[in-house]
Every structure is written in structure tokens, then in C-alpha cells.
Amino acid sequence: MIKPENQISIPTQLPSGPRLSIPLRFRDRRRVTILLTLAVLGYITLMTLPTMIPSHFKLTEALMSFAENIKIMFLQPRLVNTTFISLLGVLGQSILLAFLTTLIGSVLAFFFALASTRRLAPTSLVLGIQSFMAVIRAIPTVLWVLIYSVVFGLGANAAVVGITFHSVAYLTKVYADSMDELSPEIIETMQAMGLKKSAIIRQAIIPNLIPSYLSWTFIRFEINFADAIAVGAAAGAGGIGYQLFMSSSFYFNFHEVGVMVYMILAFALVLEIISYRLRAVKHQ
Amino acid sequence: MLTVNHLAKSYDGEKKSLTDVSFSVHPGEVTVIIGPSGAGKTTILRSINQLIRDDDGEILFDDTDMRQLNRSQLRRARCRIGMIFQNYNLIEPLTAIENVLHGCLGTKSNLAGIFSLYSNREKETALKLLEKVGLKDFAYQQCRNLSGGQKQRVGIARALMQHPKIILCDEPIASLDPKSTITVMDILRDLAINDGISVLINLHQVDIAREYADHVIGINNGQVVFDDRTQALSDAAITGIYQKGAVPERSLVHEF
């Protein structure tokens, strides 16, 4: 809906007198607000930046030691306190943590999504579940793990429940969105044949949903893998994240950190290849 | 078989989409509803199986009023009403035979629906129906790989799988090329003549209506303006159906 004040009126006659440049856009209130906000933020950033730099800070020295650490990590990866096999084991732990939380999350989220898609559920239920899930999503995964570690104590239990919790909220949203994208006519057609709701879900919704279900679940698996590494250190959940934390902050052994970073990168590469294949299936 | 009495419907509570529509459909006949866009053809068709809840009137299908049924009664009544659509509305990732078998799920249990449990007899019926519409060789093809005309024929086979007493067709040929149009219309006429099914079709094409219909109902501005045998559909009558009353396009523009 175009407001009357924003409507374009084409002048029938060009104004006489000195030639004015013709604007390409209206100076509407929204644009002015955005520009003003950016200007204020830019000013604050510029003013606070010098105060953040400590007095003994020397740029060249800092850059040199940064380069040195990067060199140790990426060019001289070497194991000192641990073996490659044991690192493979803890990498496996992180992968399994991601796998377990994605699995539980996707099953639970599927049922929540059925109850919160506009195609099947009443509006009140849709709004209720979606806003509840939005609140859960708004709090980062690592925080959920820390919150649950109050209940379960620091460790793997809190990590599993916390990551699953956030996964359910995330996947419910994307599954429900995928279901909303289905044509309402398809469900109407099934209803017109007298099908029960269970049959409509199984025979009409699921077959159409499988490609996006797979690709979203896989994206969540990638996220959960990253989270599993983070909470390994933050919540003592074990896995390669914990080793990474020990090597970098406890032993200060950046050679070992390098090995682990390469291992994580290799696995991320494998994930990327799989997700590329999945996307190809989706667009078949 | 199907009698509609004094059907009325308004979407926004003020402007009437249908005012006092009455007509009957007889077994073994092709009845065609024609009229300008926005006249209410689709509303009538969707009211019959209550995809649209109408405001007033009576829809007698086998002497029971569809409007008075509760949820499960309505579901059971819908099992015997086939419907085919302009956009076919098949489940595209599934095969043709899977789509056809959906037609018999309405009368089966939850478990059968969830685990796709069909008896061999039902599968045989589905294959026979696909043969009947000339798609025997395509039974195991994914529907997304079929052409428009083939999809519509799968849609007809799916409707027949319901063992319907009546088939409602909402613009069944609007997206089809001329050759497929003839194939689909021939099949529909054949169903009326040989299987005694009532076929009720919404159409835009008057020439097709003349060729295939036994009975024509003309709708304009939510009212029945013509209701007679096809022989009585003179050129003057057609002009009357398409010109009388409000121009529907104007009301569409008005909404924006």
C-alpha cells in the first residue's frame, strides 16, 4: 500500500528558472533514520577505539608475535603431549555429540513443526509454539549448555541436553517454514478425498518435504559440530574442544593446536562435500 | 443424486459471491458449468464437498445434506466424491501408482495410511485404472516427470480409485494443450456413459462444453442464468451468460 505522501506525481511542466538536478530517490523518513543511526554509530566507534588500546601496546611487536603464533600453528603442527590416535578418538567424541543431538533434535522438531505449520495447525498453536521456539533460539547454544550444567553438572550430559534444546528450536522453525511453503492445494486435495490427518502427513507432506528436511538437518549437524567443539572447552564436555582448550590455554602448545585445527578442518571439508551432494539431490 | 438448493455464499460478509444457486446433477451425465471468471463456478464446486463452507442453502448428496454433516461424517462422504483440479495436485515425488492408490486411503485405517499398506486387490485396481487412462507403462514413473496431460490422467485415475458416485472437475483442461484436452474430455465422457458416474465440470471453453456436455448450467454474478440440455444452448443464450450482470474484472481491480 503506497501512502499518498509517497506517491509519485509526474510534473506536467518542467520548472522554469535555474535547472535543478532531478533526484533519483525520495528523501523519505526511513532512509534519513538509517543514515542518522549509521552516523551516530560511526562516531561512537571512532571515539572509543583509542581508549580501548592499552598504553603499552606496540603494533609492530603485536603483529610479529601474531605472525609467529600463526607460523607455529599452521606450519609446524606437531604432537607433544598426546598421540594422533587419541586425538582421533576425541574428534570422534565431538562428531558423535553432534550426531546424537542432531538426531534427537530432528525427531522432536518434526513433531513440533507439524503442530506449528499454518498448513495443519490452528493459528493460536502456531503462534504459541513459534514464539516459544524463538525465545529458545534467541539464547545461544553455549549458554543453554551452561544453564543445563547447573542441573546436570559440567560435562557431557549438559552438553547433549543443551545442544539438543537449541537444535529443536532451530529445526522446528525451518521444518515448519518448509511445510508452509507447500501448496495449500495439495493438502486440500487430500482432504477432498477424505484422507485422515495421519495419512495426509505421511502421504502428501513427508514426500514433498524430504529434500529440505535432509538439507536443513545436515546444516544443523554442521552447526552442532561447531557447538560441540565450543562446549567441549566451555562446559568440560570432552571431545576435541577440550583438548584444544588444554593445549592452547593450559600447555600453551601451539604446535598441538595446529594439528587439531587441521583435523577439524579436514572433517569440515568432508561435511561440506556431503552437503554439496545433498543440495544436488534437492535440486534434481 | 446431487441436488443443490438455494446455495448462497459471501466471502467478505457483504458482497455476495453466490446468491440462491439451485440445480441438479444426474447419474451418467456430463454436466458443465460455464460462466465468466469470478462468476462463482469454483465456489459452487468447492461447496459441494465442503472445501468451502457456504453461508446458506442445501446440498443433497444421496439424500443427505452435506452441510449438516459433522467432521467424520463429512470425511466419509468425501470418500465417494472424486475431484480433479486444474493444477492436477498430485504428490510429485511419488510414482503414478502411489498417487492413484491415495484414492482408496480415505476408507482405510490410520495404520494403512502411515505405512502405505495396500492389498494386492487395490494395487491391481490401481494398475487397471492406469491402463484405462492409457498410462499403464508409466505406473512406476515419478509424477514430476510426467507431462501435463499425463498428470491429469493420473488425477482422473486417482479420483476413480475412490469408486466415486460423482466426479467434480475444477477447470480440468485449463492448463492442457488441445490434444490432451480431447484425451481428458473423452475419458470424462466415457466415465459418465460407461460407468454411470455423474461428472460435473467447470469450464471456460464454450465449444468444449457444447461438444461434451449433456446438461449446461450458466452462471453469472453468482446466479444461475441458464439451466438446460446442451441442445438448448443457443448463441443468444451464451451471449446472455457472458454479458449479463456485473463485469467481474472490475471488482477484482477494485480490491487492490
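**Entry 1**

How much accessible surface does chain A have, and what share of it belongs to carbon and sulfur atoms? I looked this up first: the accessible surface of chain A comes to about 17,900 Å², and 70% of that area belongs to carbon and sulfur atoms. Accessible areas come from the Shrake-Rupley method with a 1.4 Å probe, and for residues only the protein chains shown count as cover.

I note that this is a predicted model, in which local features need pLDDT of at least 70 and side-chain atom pairs count only at pLDDT 80 or more, while totals for chains, interfaces and linings use all residues. Residues are numbered from 1 along each chain as its sequence is written, chains are lettered from A and ligands numbered from 1 in the order in which they are written, and side-chain values use heavy atoms, with hydrogens and water left out.

**Entry 1: overall build of chain A**

I recorded ten helices and zero strands in chain A; helices (H or I, at least four residues) and strands (E, at least two) are DSSP runs, numbered from the N terminus. The radius of gyration of chain A is 27 Å, well over the 19 Å that the globule rule gives for 284 residues, so chain A is more spread out than a compact globule. That radius is taken over C-alpha atoms, and the globule rule is 2.2 Å times the number of residues to the power 0.38. Along its principal axes, the C-alpha trace of chain A spans about 80 × 70 × 40 Å.

I then turned to burial: 36% of the 284 residues of chain A count as buried (under 20% relative accessible area, with exposed over 50% and partly exposed in between; 1.4 Å probe, protein chains only). Among contacts (heavy atoms within 4.5 Å) in chain A between residues at least 6 apart in sequence, 75% join residues at least 24 apart.

I also looked up the charges of chain A. The mean positions of its 21 positive and 13 negative charges are 5 Å apart. Lys and Arg count as positive and Asp and Glu as negative, while His and the chain ends are not counted; the place of a charge is NZ of Lys, CZ of Arg, CG of Asp or CD of Glu.

I located A:D227 in helix α8 (residues 197-234) of chain A. At 14% relative accessibility, A:D227 counts as buried. Not counting residues up to four places away in sequence, A:D227 touches A:T141, A:I163 and A:R220. With A:T141 there is a polar contact from side chain to side chain, at 3.1 Å. A polar contact is a pair of N or O atoms within 3.5 Å; within protein, one must be able to donate a hydrogen and the other to accept it, and residues adjacent in sequence count only if both atoms are side-chain atoms. I also noted A:V145, which is 82 residues from A:D227 in sequence and 9.9 Å from it in space, C-alpha to C-alpha.

Helix α8 of chain A also holds A:I200, which is buried with a relative accessible area of 4%. Leaving aside neighbours within four places in sequence, A:I200 is in contact with A:I187, A:M190, A:Q191, A:L195 and A:I205. A:I200 and A:G236 are 36 residues apart in sequence and 45 Å apart in space, C-alpha to C-alpha.

I found A:T82 in the loop between α2 (59-75) and α3 (84-115) of chain A. Is A:T82 buried or exposed? A:T82 counts as buried, at 17% relative accessibility. Its side chain makes a polar contact with the side chain of A:S86 (2.6 Å). Beyond neighbours within four places in sequence, A:T82 is in contact with A:L87 and A:E256.

**Entry 2: positive phi values**

Most residues other than glycine have a negative phi. Just after α9(A), A:F252 takes a positive phi of about 50°.

B:Y88 lies in the loop between β6 (81-85) and α3 (96-101) of chain B and is buried, with a relative accessible area of 11%.
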